[in-house]
Amino acid sequence: MIEVKNVTKKYANITAVNNISFDVKDGEIVGFLGQNGAGKTTTMNMITGFIEPTEGKIIVNGYDISKKSKKAKKQIGYMPEGVPLYMELTVKEFITYMAELKLLKGEQKKEDVAKVIKETGLTNVQNKLIRNLSRGYKQRVSLAGTLVGNPEVIILDEPTVGLDPKQITEIRSLIKELGKNHTVILSSHILSEISQICERVIIINNGKIVAIDTPENLEKKTKEKNTLFVTVEDPKGNMPTLKQRVPQIEEIKFLKDNEDNTKQYAITSNIQLDLRKVLFEVLPKEEITIFELKKDESSLEEAYIKLIDSDKQEQTSNETNENRKNKKKGNKATKEEKEKLKEEKKKQKEKQNEEKAKKKEAKEKEKKEKQEEKNKLKEENKKEGGKK
Amino acid sequence: MLSIYKKELKSYFLSPIGYVAIGIFLFIFSLIFLLAIFYNGAYDMGNLYYNTARFGLLIIIPIISMRMFSEERKNGTEQLLLTSPRSITEIILGKFLAAATLVVIILAFSLMYYVILCFFTKPSLGPTLISMLGFLLVAMAAISAGMFISSITENQVIAAVLTFVLLFIPDLTGLIPMLNLMESYMKFPAGLVSLSEVVSLLAYMIMFTLFTIIIMQRRKSVK
C-alpha cells in the first residue's frame, strides 16, 4: 500500500529525515513513535505530498507521490498536527468543502458528508461554527474531514493531543474501527496509545528509524532477563536459600514486607526460562505458601527508552570519535599555524632591525655632514678673520 | 477550482474583509464624486474611476489580498489544500478569481452613482462601462501582485504593507514604469479600449500569478 524508499529530507544543513525505508501493508495500523522533533511529522508530510523529499521515493497504492501526485493524493486522508480548520465555516460547510477538495460531486458528496458526520458523532453540532466548538469536537471535525471520500490510506498526526481521557478512548476506538477497512498510519509520543492501537511500530529518532516491529516483539527484543514477582508466606525463612534448590534462578531480591505477614520477592532468571511452573512445584515443598505469582510485563515504554538510549549512545560515540579526529587534525593544524606565525614574526623582526640599522646609518651620515659643514664654516670664518 | 472559488468568495463575506473593502471603495468613490460635482460643477465618470483606482486601490487591494495565502499558512489550513488532489494552479486561480469577483461586486455598487446621475442628466453608458472594465483589469493586476506578496509571508500585516509599497512606489516615483499600473489606465477612463493597455495589464497579471505558482511549488521542496 505505502512504500517509502530511502527517503531523506534536508533543510539547509539540517537533516530532518535521514535515509528511511519502510512499507505499510493493506489494512495495517502502523504507529510512528518518537520524541518531539524526531522526524515523524516530516515523514508524514512527505507521504501526503505536502513537502517533497530531498532524496528517495514514496509510492502510495502504486502511485509515486512526486510524479502522479493527484492520483496518489486521492488515496490519502490526512489529519495534520494541530488540527487546522477554517474557523469561519460551520461543521457541515467544512466537511463539504473537504469533500469537494477530494473531487467528490453531487449525490455521492452529500451521502459521504452525511455518513462521516454520523460516524464521528457530529450530528448535533453540524450547523455550528467551528470556532465555537470545544477542542474535542474540533478534533472530530478534523477527523471527519480526513475520512470524507473514504480514502484507502488514513494518516493521523498526533490525533489525541489535547483531548480529555474520555475523548481519547473514543478516538482510539474509532481509529481501531477504521483499521478494519483502511490502512492507518498514526504518530504519537504516547507509548501506551501506540501499543494499544497499532499492529506495527516504527520508532524514529533524530530522523532515523531505530526499529520496526510489533509492540510485543519490541518488548521481547529489549528485555534482558525474565523477572517474576512472588508474594509468599514463608514462616521458616527458606526463600533466600531457594537458589540452591533451583539453580536456574539468577537472583532473589527481597522487595517488601506486607501487612498480612507475607513477603514480596523478585526472582530473575535467563530470558528464555519461565520459572513459574518450577516455583509452583518447589515452593510448597519448602513450606512456602504462594499468595501471588506474577510475570513482569516489561512495557513498551522501557523498550522504547532502551532503543532511543542505545541509538543516542551510538551517535554520541560516533560524534566523540569524529571530535577526536577533528581535535587531532585541529592540533596538527594549530602546530603548523604556530610555526608559520613564528617564522612570520622572525621575518618581521629582521625587517625591523634592518630598517632601524638603515635609519641609524642615515642619521650618522646626516650628523657627519652637519659637522663637516660646521667645520668648514669655522675654518672659513677663521680665514676671513685672519685676512681682516 | 470552482469549490475553492466558492469557498474563498464566501470567506470574504464571513469575515469583515469584504464589507470593509466595499465600504472604503464607496467612501473614496463618493468623496471624489462630491468633489467633482461641487468644486468643478461637472461630472466625469471616467475621471471618477481613474482617481478611485489611483487612490482607492492602494488601500482596497492590500486588504483583499493580504489573507490569500498568509492566513492559510499561519493557520496550517494550507496543509489541507496542498495535500488534496487539487493542483497548485487550481488553488491559485480559485483564490484569484474569488478576489476578482469581490472587485466586480464593489464595482456593481459604483453603478448607483450612474443611476443617480440619470435623474439629472444623460450620462453615456458605453464609456462608463469601459472605465469600469479598465478599473477591473487594474484591480486584477494589483490583486495578482498582492497574491504574490501574500504567498511569501505568513504575516498578513507585512503582506498588506508590502503590497501597498509595490503599488504605490512605482506610481509615486515614476521609477520602473513597467510596474506602474496607472500608466496602463490612461485611455480606459476616456472611454477607449487600448490594446497596449489591455496587453500590459494582462502581462502584469500573468507575471505575478506565475510568480505565485513558482513560489508555492518551490515551497514544497524548501519547507
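This is a predicted model: local features need pLDDT of at least 70, side-chain atom pairs count only at pLDDT 80 or more; totals for chains, interfaces and linings use all residues.
Residues are numbered from 1 along each chain as its sequence is written, chains are lettered from A and ligands numbered from 1 in the order in which they are written, and side-chain values use heavy atoms, without hydrogens and water.

**Chain A overall**

- Chain A has 11 helices and 14 strands (DSSP runs numbered from the N terminus: H or I of at least four residues for helices, E of at least two for strands).
- Of its 388 residues, 41% are buried (buried is under 20% relative accessible area, exposed over 50%, partly exposed in between, with a 1.4 Å probe and protein chains only).
- Among contacts in chain A with a separation of 6 or more, 68% join residues 24 or more positions apart (contact means heavy atoms within 4.5 Å).

**The α2–α6 crossing in chain B**

- The helices span residues 17–40 (α2) and 88–118 (α6) of chain B. Their axes come within 10 Å and cross at roughly 35° (axes are lines fitted to C-alpha atoms, for helices over the stretch in contact, with angles from 0 to 180 degrees between N-to-C directions).
- On the α2(B) side, the contact residues include B:Gly18, B:Phe25, B:Phe29 and B:Phe33. On the α6(B) side they include B:Leu102, B:Phe109, B:Met112 and B:Tyr113.
- By class, the contact of α2(B) with α6(B) holds 14 nonpolar residues, 3 polar ones and no charged ones (Ala, Val, Leu, Ile, Met, Phe, Trp, Tyr, Cys and Pro are nonpolar; Asp, Glu, Lys and Arg are charged; the others, Gly among them, are polar).

**Aromatic rings**

- The whole structure has 17 aromatic pairs over all chains (rings of Phe, Tyr and Trp, its six-membered ring, with centres within 6.5 Å; planes under 30 degrees apart are stacked, over 60 edge-to-face, the rest tilted).
- A:Phe22 and A:Phe32 form an edge-to-face pair, because their planes stand at 80°, with ring centres 5.4 Å apart.
- A:Phe22 is in strand β2 (residues 14–24) and A:Phe32 in strand β3 (residues 29–33) of chain A, so the pair ties together parts 10 residues apart in sequence.
- A:Phe22 is buried at 7% relative accessible area, and A:Phe32 is buried at 0%.
- One aromatic cluster in chain B comprises B:Phe25, B:Phe29, B:Phe33, B:Tyr49, B:Tyr113 and B:Phe135.

**Arginines over rings**

- A:Arg140 lies over the face of A:Tyr137, 5.1 Å from the ring centre (a charge sits over a ring if NZ of Lys or CZ of Arg is within 6 Å of the ring centre and within 35 degrees of the ring normal).
- B:Arg67 lies over the face of B:Tyr12, at 5.1 Å from the ring centre.

**Positive phi**

- Most residues other than glycine have a negative phi.
- A:Asn19, not a glycine, has a positive phi of about 50°. A:Asn19 is in strand β2 of chain A and is partly exposed at 44% relative accessibility.
- A:Asn61, not a glycine, has a positive phi of about 50°. A:Asn61 is in the loop between β4 (55–60) and β5 (63–64) of chain A and is partly exposed at 29%.

**A buried serine**

- A:Ser142 is in helix α5 (residues 135–147) of chain A. A:Ser142 is buried at 5% relative accessible area.
- Leaving out residues up to four places away in sequence, A:Ser142 touches A:Met79, A:Val83 and A:Leu85.
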